[in-house]
Amino acid sequence: MYVPDVFALNDPALVESVIRDYAFGLLVTADGGPPEASHLPFLFDPDKGANGTLSGHMARANRQWKAFANGNEALVVFQGAHSYISPAWYNPGPAVPTWNYLAVHCYGVPRVTEDPDEVRGLLARLVERHESEAGTGWSMASQEDSFIDHMQRGIVAFEIPVSRVEAKAKLSQNKASEERNGVVAGLESQANSDARALAAAMTKS
């Protein structure tokens with residue numbers, strides 16, 4: 001990822017928050033042919049390994065997991081808040097449109113999780129994480145074990161020890177304070193939640 005120094009995101013806590021808040025990532029692999037990509041939910045354990053570890057799963061019918069055997073590095077992209085930036089929000093002076101955003105790229109070699117109990121634990125953590133936000137009270141324990149076992153056989157779980165991270169926060173850091181204030185006000189006036197989340201990130205930065 002192209003990351004000019006002024007836009008480099010070096011705060012581990014903010015990097016982790018982007019991964020956590022925008023956990024539906026894009027897994028990209030290559031196995032001697034065209035790249036393959038899957039959109040998947042991930043969990044991130046910052047304390048497992050030097051740079052943390054990502055965990056996820058995909059359908060066993062998805063052939064992408066077979067590329068893990070080549071031992072090549074994979075890329076997982078987490079796209080954080082992003083929004084169009086109108087030149088009208090800058091005052092004074094000439095300006096052109098741009099796009100502000102938060103993004104984290106995690107690299108590492110995936111490895112398949114074989115142990116059924118570990119797979120079940122991953123699924124339980126994913127359910128707990130997202131059901132806590134949905135607020136429905138649904139749990140895997142409410143289902144018959146035989147049904148969960150059957151469904152579990154249809155997936156491949158994996159983890160990616162993160163070897164390196166590239167993170168970018170393009171938040172108008174290259175603009176004067178009055179121009180940044182104009183961008184924040186413009187974003188706060190928008191209806192979409194990403195624009196408002198970006199305004200909040202700019203205010204904190």
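**Starting point.** I am working with a predicted model, so everything below is computed from that model.

**Overall fold.** I went through the secondary structure and found five helices and nine strands. Reading from the N terminus, I noted the order α-β-β-β-β-β-β-β-α-α-β-β-α-α.

**Extent and surface.** I looked up the box around the C-alpha atoms, which is roughly 65 × 45 × 30 Å along the principal axes. For the accessible surface I wrote down about 11300 Å², with 54% of that belonging to carbon and sulfur atoms.

The protein has 205 residues, and 40% of them count as buried. I then turned to contacts between residues at least 6 apart in sequence: 72% of these join residues at least 24 apart.

**The largest pocket.** How much space lies in the largest pocket? I noted about 390 Å³. Its lining is made up of 20 residues, and I marked Leu43, Phe44, Asp45, Ser55 and Arg125 as those nearest the pocket centre.

**Who builds the lining.** Which element gives the most to the lining of the largest pocket? That is helix 2, with five residues. At least two lining residues each also come from helix 1 (12-21), strand 3 (43-45), strand 4 (53-59) and strand 8 (155-161); helix 2 itself spans 116-134.

I sorted the lining residues of the largest pocket by type and got nine nonpolar, eight charged and three polar.

Key: Residues are numbered from 1 along each chain as its sequence is written. This is a predicted model: local features need pLDDT of at least 70, side-chain atom pairs count only at pLDDT 80 or more; totals for chains, interfaces and linings use all residues. Side-chain values use heavy atoms; hydrogens and water are left out. On a 1 Å grid over the protein atoms alone, a cavity is a set of points where a 1.4 Å probe fits but cannot get out, and a pocket is an open set with protein on both sides within 12 Å along at least five of seven lines; lining residues have an atom within 4 Å of a point. Grid points are joined across faces, edges and corners, and a volume is the space filled by probe spheres set on the points. Helices (H or I, at least four residues) and strands (E, at least two) are DSSP runs, numbered from the N terminus. Ala, Val, Leu, Ile, Met, Phe, Trp, Tyr, Cys and Pro count as nonpolar, Asp, Glu, Lys and Arg as charged, and the others, Gly among them, as polar. Buried means under 20% relative accessible area, exposed over 50%, partly exposed in between (1.4 Å probe, protein chains only). Contact means heavy atoms within 4.5 Å. Accessible areas come from the Shrake-Rupley method with a 1.4 Å probe; for residues, only the protein chains shown count as cover.
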